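Visitor: I am new to this structure. Please take one part and go through it closely.

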Amino acid sequence: MTMLPAPTTKKLGLVIDLDICVGCHACAVACKEWNDGGQFGPLPDESPYGKEPLGVWFNRVHSFEIEPAQKNASAMTVHFPRSCLHCETPDCVTVCPTGASYKRAEDGIVLVDEDKCIGCKLCSWACPYGAREYSEQRGVMQKCTLCVDRIYNESFDEIDRQPACVAACPTRARHFGDLGNENSAVSKLVAQRGGYDLMPEMGYKPVNKYLPPRPRRDGGSSTTSSSAAAEEKMDFSTASPLLRWIDKVLSR
Amino acid sequence: MHPALSVIFFTVISGCGYGLLFLLSLILLMQPALLPRSEIVTLLALGALASVAGLIASTFHLGQPQRAWRAFSQWRSSWLSREGVAATASFLPVGALLIAQWQQTDAMPVRISALALMLLAAITVYCTAQIYASLKTIRAWHNVYVAPGYLLLGLIGGASWLLAWHCAFDDGCPDIALGSRGLDWLVILLCIASALLKLAYWRYIDTQPLPASIESATGLGRYGAVRSVEAPHSEENYLTREMGFALARKHAARLRRIVLLLLAPLPIALLVIAMLMRSNAEVAALGAAFAVTLGLFVERWLFFAEAKHVVMLYYAPRGERA
């Protein structure tokens, strides 16, 4: 059924911290690896070792540069993982003519039933986030499953029941949990850090949230080397006697 | 958007087919005995054949065409599904009309079937248009010009072929009474209306910004101007191939002029010359039908190729807004 379920109380999703993502692509690689071999696999590439490798990835890490509005402020580089946001009101589900695309009533995960999909690609046109990719090899649409075959997997230890991308992140920039529950760790994190939606004006109400980069320690303002030296105030009172003596000698 | 030939063929051919069936039903509704039976049967078969050919073509771009029957199931939410249902349902009145011609039934059943076919033909083409017009992600499609465009262009395609066939059947091409006006005048009127509608559509899409920006797509606009410095992948992927098609935009202006020429001045000139000379009507009508059809193919190719998808914001360096 491609009609959307009544608003779900449980809203499983990801919280992605753009402040600490280092752009290592470990999440994307772990996702690809798990989904190549997991219960929903394989996730094959069309030409993995050819001249123009092409294949389906559920997670893509972009890098953006921000040129600040005020002068003399330093530019920022932000690494930006992009994957399915498991929207509350997604058009990718309602446009599906076959019922292959659906949103689960019990936890809000958006999935594709690959045995029903006819590969018309309309759902990928309906998604503004580029979450759905078409597999030439399988002739169907594929997308992030939120590792539904891991998060409920009772053969896993409790600690491992989370999406592969979250488990793989070396800086803990990715968090998984129930964003429908105000008291969950992810909801608290979103409230505390001002987590936001991507393209809120499109009206799809994404469940996944992004945490904004914190202001840089220098307040975002860069300074030239000469003025930096002049303005630097160093407190040597707590330094070791040797450093204090060197400072004294060099300051003459 | 990548212009898939199968989809272009489908929308143009089935649009023309339903336009033809719509006009034929209109004639049958108003004057069931106006056209000779052989002509009605031929035109019905032709219209049905065009819509079948279009439907078959549309399955060529599917990854799993053998499952296409599943597309009839989700008519409650999906315009694509509704289109499949309406297109298939329209074969019922076509069949009824064919049987009515065979059995030489009274005018009443013919009129009822003709009315049903008119409605279903219009609904089918409207559903086709809504498949595109319902996508909020594509500004060139999500607007009020798209549905009238599909309906009008289907009608002009159908009208031009109806005229051409009618002239081939009836030497000298006398007017078919459509109310008080002749079919040739209807074609000329539709040509002008189509050209004007396309002009308005292009003017609209040229002035409309994308429904989002790279700043809102990343949520980083609060810090300043955002641009992509590195894409997630060095080669193309499905998204950049399907949504990032930019070839047509280079030639858009020239292609638009070709569409206008083929949709209005050329067919109108052919028909007016034939009307003034009172001869060679079948040649002029056939020429007009070919010009209009070719114009529809170019128009539909542009409809896809010119459309920008909002997801390309994530890939666009600054200045190149998707």
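Guide: Start with a pair of helices in chain B: the axes of helix α11 (residues 265-277) and α12(B) come within 8 Å and cross at roughly 175°. Axes here are lines fitted to C-alpha atoms, for helices over the stretch in contact, and angles run from 0 to 180 degrees between N-to-C directions. α11(B) and α12(B) are therefore roughly antiparallel to each other; angles under 35 degrees count as roughly parallel, over 145 as roughly antiparallel, 65 to 115 as roughly perpendicular and the rest as oblique. On the α11(B) side the contact is made by Leu266(B), Pro267(B), Leu270(B), Leu271(B), Ile273(B) and Ala274(B). α12(B) contributes Ala281(B), Ala284(B), Gly287(B), Ala288(B), Ala291(B) and Val292(B). Two residues are in contact if their C-beta atoms, placed from the backbone, lie within 7 Å. Helices (H or I, at least four residues) and strands (E, at least two) are DSSP runs, numbered from the N terminus.

This is a predicted model, in which local features need pLDDT of at least 70 and side-chain atom pairs count only at pLDDT 80 or more, while totals for chains, interfaces and linings use all residues. Residues are numbered from 1 along each chain as its sequence is written, and chains are lettered from A and ligands numbered from 1 in the order in which they are written.

α12(B), residues 281-305, also packs with α1(B), at an angle of about 135° and with the axes 9 Å apart. That makes α1(B) oblique to α12(B). In this pair, Ile8(B), Thr11(B), Val12(B) and Cys16(B) of α1(B) meet α12(B) residues Thr293(B), Leu296(B), Phe297(B), Arg300(B), Trp301(B) and Phe304(B).

α1(B) leads on to another helix: with α2 (37-59) and α5 (107-133) of chain B, α1 (5-30) is included in what covers the buried residues of α4(B). Those buried residues are Pro93(B), Val94(B), Leu97(B) and Ala100(B). Seen down the axis of α4(B), they fall within an arc of 125°, so they line one face of the helix; the arc is that of the directions from the helix axis to the C-beta atoms. On the other side of α4(B), Ile99(B), Trp102(B) and Gln103(B) are exposed. A residue is buried if 20 or more other C-beta atoms lie within 10 Å of its own, exposed if 12 or fewer, and partly exposed in between, with C-beta atoms placed from the backbone. After α4(B) comes Gln104(B), whose phi is positive, near 55°.
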